[in-house]
Amino acid sequence: MKLEVKHLSWSIEGKQILHDINLQVSSGEFVGLIGPNGSGKSTLLRCMYRVLKPDSGVIILNGQNIWHLSAREMAQATAVVLQEASTEFDFTVAEMVLMGRNVHLGLFDRETEKDHSIVFDALVQVGMNDFAERSFISLSGGEKQRVLIARAIAQQARFLILDEPTNHLDIRYQLELLELVKGLGVTTIAALHDLNLAASYCDRIYVVNNGTIRAVGTPQDVLQSDLIREVFGVGSTVETDPSNGKLHISFFLDAKIGSKRNSLAP
Ligand SMILES: Nc1ncnc2c1ncn2[C@@H]1O[C@H](COP(=O)(O)OP(=O)(O)OP(=O)(O)O)[C@@H](O)[C@H]1O
């Protein structure tokens, strides 16, 4: 499953939010979107899962314009995990994950043993099988997030969109979740705030700033102090961990930058 975004722009109320975005996710690739608050990451992802229609440009999934797919074809191909999961109704965890199977069922079909076994396996993968009969709304934020990943796994979509999937998760589950998603080998795009996590798990990273793509490349190409300072307004030290060859970034407020971009000042 390959995704291509070509010359995408989106605006609202006369304000242009995304400007001529070009992006590609190759089959099996794990691509990260990083950028400061309000830079346009979620808006770009919403265009990809077809909640927002671009003003211009196209999004092509495996050779087809996503706006030419039926809602069902789109749902079979793409699973989405967002940062906030709210539901008014009191579903059990197993029922929530079973919803991932709906996209494969006809209107009057009932779930089969196979669907239930896919659901169980997905819950095992995220370590939530003991919670199957628990009420979803009674779960902690991190537990909910893991159940939603299980739902995406059960959906068996070949393209995965994650918007801040590690919000609410403690450090162990952040690592486990990204490890798990990466291990699925599914084509994935994820908006991530934690640059160290992005460095560890992304094959390539797109840096979004003011609604444009400021840079793209491997973590080593992109995560450099000058760019981090320019885009995020902080100083940083970027080192390579000799034990695993991965980048490790530490951050500090630079006095000069702090006075220029004192966003928390009254
Ligand atoms: N429906 C809307 N109406 C007005 N402005 C919007 C709308 N949707 C997005 N925006 C604006 O577009 C900009 C980009 O928002 P977006 O949520 O995509 O940023 P983000 O990079 O995901 O931010 P964050 O890291 O804080 O989640 C923001 O300035 C936001 O206020």
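**Close-up 1. Buried residues of helix α1 in the predicted model.** Helix α1 spans residues 41–48, and its buried residues are Lys41, Leu44, Leu45, Cys47 and Met48. These residues lie on the same side of α1 because the arc they cover around the axis is only 155°. An α-helix has 3.6 residues a turn, so residues three or four places apart point the same way. Arginine 50 follows α1 and has a positive phi, near 70°.

**Close-up 2. Glutamine 156 in the loop between α5 and β7.** The loop joins the topic of this view to helix α5 (141–155) on one side and strand β7 (159–163) on the other. Glutamine 156 is not a glycine, yet its phi is positive, about 55°. Glutamine 156 counts as partly exposed because it has 16 C-beta neighbours inside 10 Å.

**Close-up 3. Glutamate 164 in the loop between β7 and α6.** Helix α6 comprises residues 171–184. Glutamate 164, a residue other than glycine, has a positive phi near 50°. With 19 other C-beta atoms within 10 Å, glutamate 164 is partly exposed, because a residue is buried if that number is 20 or more.

**Close-up 4. Aspartate 226 in helix α9.** Helix α9 consists of residues 225–232. Aspartate 226 has 8 other C-beta atoms within 10 Å and is therefore exposed. Histidine 248 is 22 residues from aspartate 226 in sequence, and the two are 15 Å apart in space, C-alpha to C-alpha.

Terms used. Residues are numbered from 1 along each chain as its sequence is written. This is a predicted model: local features need pLDDT of at least 70, side-chain atom pairs count only at pLDDT 80 or more; totals for chains, interfaces and linings use all residues. Helices (H or I, at least four residues) and strands (E, at least two) are DSSP runs, numbered from the N terminus. A residue is buried if 20 or more other C-beta atoms lie within 10 Å of its own, exposed if 12 or fewer, and partly exposed in between; C-beta atoms are placed from the backbone. The arc is that of the directions from the helix axis to the C-beta atoms.
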